[in-house]
Amino acid sequence: MALVPQPVGRRERNKQQKLDRITAAASELFAEYGVDEVTTQQIAEKADVGTGTVFLYAKTKGELLLLVQNANYSDALERGRSDAEHIPDVLDAVMTIIEPIVRCNRTQIDNGRTYLREMVFGNPEEPQHAEALTIVGRTEEAIAAVLSRSERIGQVDAAMLAHVVSAIMFLAMAATINSARSVDEIVEDIKGQVSVLLPQ
């Protein structure tokens, strides 16, 4: 007998609506002013909730940034993964996954770099940090799936190479030396590094 999904209760709907408003407010304010210039009070006011309510969903401003960026990053990953399915060349398919992630991260450069710092150095037990790390894992799985298309790369090697490719991508996005470079320049730099890794 099939289970009938239970309707979402009013309390859960209310919680989700508050989370959506907080996420939208934080996203808008961070994009306009940068994460360092926005206060939690401003986010609460824009979301029409109390400051205490904001802290129920994210304990720090870093967690708020992760909340916002995780959704954007996840969308970028899914676009790249979907597009890569139709690209036969392994290097081009890997770059098709990477390019929208870089573009997403560079929408607001300081926020993108802060997001990466929070992801790497934040507490992995906090929900948004854990979600960010889960997305990184999904990124590596997507890259490994593409790499394993090559007859010269076994599954174990594909997973290890995907981990290295991920590290290259994150370093390229986070490096201070790249802060003035365009998305296309960063993507091209990543492509050059990844091409050296792949068996000829």
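**Notebook: helices and single residues**

I began just after helix H1, where Gly34 takes a positive phi of about 90°. I note here that the model I am reading is a predicted one.

I then went back along H1 itself, which covers residues 10–33, and found that its 24 residues reach 34 Å from the first C-alpha to the last, close to the 34 Å expected at 1.5 Å a residue. Looking up which of its residues are buried, I listed Ile22, Thr23, Ala25, Ala26, Leu29 and Phe30. I also asked what covers these buried residues of H1, and the answer includes helix H2 (40–47), helix H3 (51–57), H4 and helix H6 (109–121). As background I wrote down that an α-helix has 3.6 residues a turn, so residues three or four places apart point the same way.

Next I turned to the pair formed by helix H4 (residues 61–84) and helix H7 (residues 127–147), whose axes come within 9 Å and cross at roughly 15°. Since angles under 35 degrees count as roughly parallel, H4 and H7 are therefore roughly parallel to each other. I recorded the crossing of H4 and H7 as left-handed. For the contact between them, I noted residues from H4 including Leu66, Leu67, Tyr73 and Leu77, which belong to the set that meets H7 residues, among them His129, Ala132, Ile135 and Val136. By class, this contact of H4 with H7 has eleven nonpolar, five polar and five charged residues.

Where is Thr176 placed? Thr176 is in the loop between helix H8 (155–174) and H9, and because its relative accessibility is 56%, Thr176 counts as exposed. Along the chain Thr176 and Arg113 are 63 residues apart, while their C-alpha atoms are separated by 8.8 Å.

The other residue, Gly192, is found in helix H9 (residues 183–197), and at 34% relative accessibility Gly192 counts as partly exposed. I checked Gly192 against Leu91 as well, and the two are 101 residues apart in sequence and 9.9 Å apart in space, C-alpha to C-alpha.

Terms used:
Residues numbered from 1 in each chain as written. Predicted model: local features only at pLDDT ≥ 70, side-chain atom pairs only at ≥ 80, totals over all residues. Heavy atoms only, no water. Axes fitted to C-alpha atoms, helices over the stretch in contact; angles between N-to-C directions. Helix = DSSP H or I, 4+ residues; strand = E, 2+ residues; numbered from the N terminus. Parallel < 35°, antiparallel > 145°, perpendicular 65-115°, else oblique. Left-handed = near helix turned anticlockwise from the far one by under 90°. Contact = heavy atoms within 4.5 Å. Nonpolar A, V, L, I, M, F, W, Y, C, P; charged D, E, K, R; others polar. Expected span 1.5 Å × (residues − 1). Buried < 20%, exposed > 50% of the residue type's maximum accessible area, 1.4 Å probe, protein only.
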